[in-house]
Every structure is written in structure tokens, then in C-alpha cells.
Amino acid sequence: MHKSKKLILLMFLVVLAVACAGCGIFGGGSQPAGGDIKELAGITVIVDPGHGDTDVGTIGVSTGRYEKDVNLEISLKLKEALEQKGVNVVMTRQDDNPLGPADEQDVGERKEADMQKREEIIESANAQLLISIHQNRFEDESVAGPQVFYLRNEADGREYGVQFAHSLQQAINEDLAIENPRKINHGNWRLLKKGNQPSAIVECGFFSNPKEEALLQTEEYQNKLVAAIVRGSGDYVAEYGV
């Protein structure tokens with residue numbers, strides 16, 4: 001092939017790769033930060049209350065409460081708070097009913113059906129942001145503090161939603177006056193790979209820490225946490241756009 005034709009082809013492939021990366025074609029998950037919309041009102045946010053049904057999540061070290069129940073409590077408060085800002089909220093679940101077939105007896109199959117349904121909801125929502133609510137656990141009971149996670153895709157090593165996670169973590173640390181503030185971290189979570197929106201997991205605190213477990217179940221703390229998540233989401237949208 002003539003050198004000039006090779007050069008033209010190479011330039012075309014580079015441009016195509018950049019365009020595809022921006023569209024989320026390579027690697028899946030969230031797009032890089034950036035967009036024309038600079039306010040929360042009118043955008044769509046997916047709120048995912050982690051676990052549910054037979055998948056209870058972690059269990060409170062003192063109260064024995066299931067993570068799935070507290071996740072739902074906080075998520076429903078978050079839904080209401082976002083809607084007050086004019087946000088269209090799409091929930092992956094609004095109760096503890098199974099998302100898949102209720103007559104499925106195999107726990108693994110039941111969980112897989114649940115995940116597939118959540119993925120369908122995320123893919124069809126055409127949302128600008130995704131927030132998944134969870135509670136954390138660690139073998140050392142002294143470990144405490146909310147922490148936000150973003151996607152690092154093991155398939156390609158790329159990172160998604162870093163700026164969004166940072167905005168959420170900063171607002172939570174500041175508004176809740178966290179004594180030992182944590183930094184954002186990453187993982188290869190399945191749900192964060194779905195859709196083209198920036199996505200984050202908010203681990204609200206540690207169910208393995210007796211003091212924090214009790215705090216996470218109070219109305220006052222849940223409301224403060226929700227307000228911080230809303231503020232962090234607004235800060236992200238205002239700075240980067242969606």
C-alpha cells in the first residue's frame with residue numbers, strides 16, 4: 001500500500017477509536033466526564049438499592065439487621081430528595097420483592113435473575129448518573145466511614161466515573177464531618193459496566209462497626225447522608241456537565 005494511503009488509514013482508525021471510546025463502545029461502563037447539562041433538574045438518575053430478596057447482604061454486628069433493608073431505606077429517601085430537585089429517578093427496586101421469578105428455588109439462579117433485571121433497567125433508562133447504595137464490612141470492628149467506589153474495568157484497565165465518585169466522597173466527608181475521611185476506591189463491579197452514565201457505589205458505612213451500624217439506622221443520619229449525596233451529585237453536574 002502506498003505510504004500516503006497508509007497514513008490516511010492510520011489517521012482514520014485513530015479518530016474512530018477516540019470516537020468509539022467517547023461513546024462507551026470500548027470497555028462498557030460510564031462515559032468520561034463532560035456534557036452540556038449543568039444542573040440536576042430534568043436529568044435522569046438511577047438509584048440502585050443494593051441486594052434484596054434472598055440476597056440480604058451483610059448483617060449488622062449488633063442489631064442483626066440486614067444490609068438490604070437499610071439500603072432500601074436510604075435509597076427511598078434519596079429518591080425523594082432527588083425528585084425534590086426536579087430529577088427523574090429510576091429505581092432498580094422499590095421493595096423487597098424478587099426481581100426475577102418468585103418460584104425460583106435455587107439461590108444462585110434467583111440472584112442471577114435479579115442482576116439481569118437490574119442490568120435491563122440500567123440499559124433502558126438512558127440516565128445521566130447511577131448511584132448504588134450499600135453498607136460495608138471489615139474484620140476489624142474499629143474500621144468506619146463512608147466510602148465511594150468507581151469502576152476500574154479489568155478487561156481493559158480503564159477507569160470510569162472517577163470524577164463523579166470524587167464529588168460524592170468530598171460532599172459526604174464534608175457534610176457529615178467524618179472524623180477520619182476516606183478516599184475513593186475502585187472495583188470491577190458488574191452493574192457499573194452497564195449504561196453510558198457515570199456510576200458510583202456509595203458504601204454508606206460499616207455494618208461491622210457497632211457505633212456506625214447504629215448510626216446508619218437513624219433517621220437523622222440517613223437524611224444527612226442523602227443530602228450529602230444529592231449535593232455531591234449536583235456539584236459534579238455543575239462542574240463537569242452530563
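Rings of Phe, Tyr and Trp (its six-membered ring) are taken as an aromatic pair if their centres lie within 6.5 Å, with planes under 30 degrees apart called stacked, over 60 edge-to-face and the rest tilted. The model is predicted, so local features need pLDDT of at least 70 and side-chain atom pairs count only at pLDDT 80 or more, while totals for chains, interfaces and linings use all residues. Residues are numbered from 1 along each chain as its sequence is written, and side-chain values use heavy atoms, leaving out hydrogens and water.

Across the whole structure, three aromatic pairs are found. In one of them, Phe-164 and Tyr-236 are tilted, at 5.2 Å centre to centre and 55 degrees between the planes. Phe-164 belongs to helix α4 (residues 162-175) and Tyr-236 to helix α6 (residues 219-240), so this pair ties together parts that are 72 residues apart in sequence; helices here are DSSP runs (H or I, at least four residues), numbered from the N terminus. Tyr-236 also pairs with Tyr-240: the ring centres are 5.2 Å apart and the planes stand at 35 degrees, so this pair is tilted. Tyr-236 and Tyr-240 are four residues apart in helix α6, about one helical turn. Together, Phe-164, Tyr-236 and Tyr-240 make one aromatic cluster.

For Tyr-236 the relative accessibility is 1%, whereas Tyr-240, with a relative accessible area of 26%, is partly exposed.

How values were computed. Helix = DSSP H or I, 4+ residues; strand = E, 2+ residues; numbered from the N terminus. Buried < 20%, exposed > 50% of the residue type's maximum accessible area, 1.4 Å probe, protein only.
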